[in-house]
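Please open the model in your viewer and keep the selection tool at hand. The tour below moves from one selection to the next and says what is found at each stop.

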Amino acid sequence: MAEQEEDAFHRAQCRVFSGLTEDAEREWTGPFYFIQAADPQLGLMKAWREGNCDEGGDEWAEEVELTKQAVEAVNRLRPRPRFMVLCGDLVHALPGMPFRDDQERDLKVVLKETDPSIPLVFVSGNHDLGNTPTPRTVEQYCSAWGNDYFSFWVGGVFCLVLNSQLFYDSSACPQLKEAQEEWLEEQLRRAASSKEPKPKHILVFQHIPLYLKNPEEEDDYFNMQKPVRQNLLDRFKKTGVKAVFSGHYHRNAGGCHGGLDMVVSSAIGCQLGDDPHGVRVVIVTADDVVHRYHSLEQLTMRGMDEDLRKLLQS
């Protein structure tokens, strides 16, 4: 039965995601919006309260209910979002730890209730791959959730999904880091090429933020190391990337420097600061990308903010 449910989940994902890869999506057709979410991380809330985050987390009913609330709130939005992206740490149990399979199974059961017209885009996090990923853990993730890095077009916007853990610590899989680097360089080259369809905007999705508040801040568990950070910032700015969306911090943060918006969104699941459980509504217009974090309660009761809704009519 578990294998049948897994197959059904992947078939559903192939159906909804295929719509974002069609040639027609390379054309700008007007404003749209999507939902960015992060860190449902089934199993962390109880583990955090008990100060035992190194274990896999033996209870996750709270995170299941919060993710259900997020899915139900997104399903009720009108017009519907073009897609919803989950920026990593889908579950808390690291690869090979107890409860991992059960957490993934229960998360998929909830996510299967997402309306079929809303594609789900998955981004790998450190808890999905391991803090030091290996070829085996990356393979396991890809088998469960899809490719760990890829690109897609939606409504004339070019999107890059990156495996940020390969930037953070690839010591156990240097060949995988090199493969992503070569692929990314080619993607950025094509995005900037005059011979290719010119995207209205370029967006990046990854789990670990480049920085939390300022590009010059010191290295931290929650950001990229300075040399990696600066390298990616330079490449993204040169190509004209508009925004990088991430999670990992379990708090809202970020900043805009040199025309590049670094968006750090808090969690569906465990909060490490004062933010409510929530998701981010992202409006894409011809000239700008405007975003705002909404609590699950607000999104459920009132939907997106009215001023954001009006941007869709511009």
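Begin by selecting Arg 235 and Glu 185, which form a salt bridge whose closest N and O atoms are 3.1 Å apart; the term stands for a side-chain nitrogen of Lys or Arg within 4 Å of a carboxyl oxygen of Asp or Glu. This pair links distant parts of the chain, with Arg 235 in helix H9 (residues 226-239) and Glu 185 in helix H8 (residues 174-192), 50 residues apart. Helices (H or I, at least four residues) and strands (E, at least two) are DSSP runs, numbered from the N terminus. Arg 235 counts as buried at 15% relative accessibility, whereas Glu 185, with a relative accessible area of 43%, is partly exposed. Here buried means under 20% relative accessible area, exposed over 50%, and partly exposed in between, with a 1.4 Å probe and protein chains only.

Before going further, note that this is a predicted model, in which local features need pLDDT of at least 70 and side-chain atom pairs count only at pLDDT 80 or more, while totals for chains, interfaces and linings use all residues. Residues are numbered from 1 along each chain as its sequence is written, and side-chain values use heavy atoms, with hydrogens and water left out.

Next, select Arg 80 and Asp 115, whose side chains meet in a salt bridge at 3.3 Å, N to O. Because Arg 80 lies in the loop between helix H3 (61-76) and strand S2 (84-87), and Asp 115 in the loop between helix H4 (100-111) and strand S3 (120-123), the pair ties together parts that are 35 residues apart in sequence. Arg 80 is partly exposed, at 30% relative accessibility, and Asp 115 is buried, at 19%.

Now move to H3 itself, a helix of 16 residues that reaches 23 Å from its first C-alpha to its last, close to the 22 Å expected at 1.5 Å a residue; the expected span is 1.5 Å times one less than the number of residues. Among its buried residues are Glu 63, Leu 66, Ala 70 and Asn 75. What covers the buried residues of H3 includes strand S1 (32-37), helix H2 (44-49), S2, H4 and helix H10 (296-302), where contact means heavy atoms within 4.5 Å.

Then select Lys 46, Glu 50, Asp 58 and Glu 59, which are linked in a network of salt bridges.

Finish at helix H11 (residues 306-311), where Arg 309 and Glu 306 lie three residues apart, about one turn of the helix. Their side chains meet in a salt bridge at 3.5 Å, N to O, and Glu 306 is partly exposed, with a relative accessible area of 44%.
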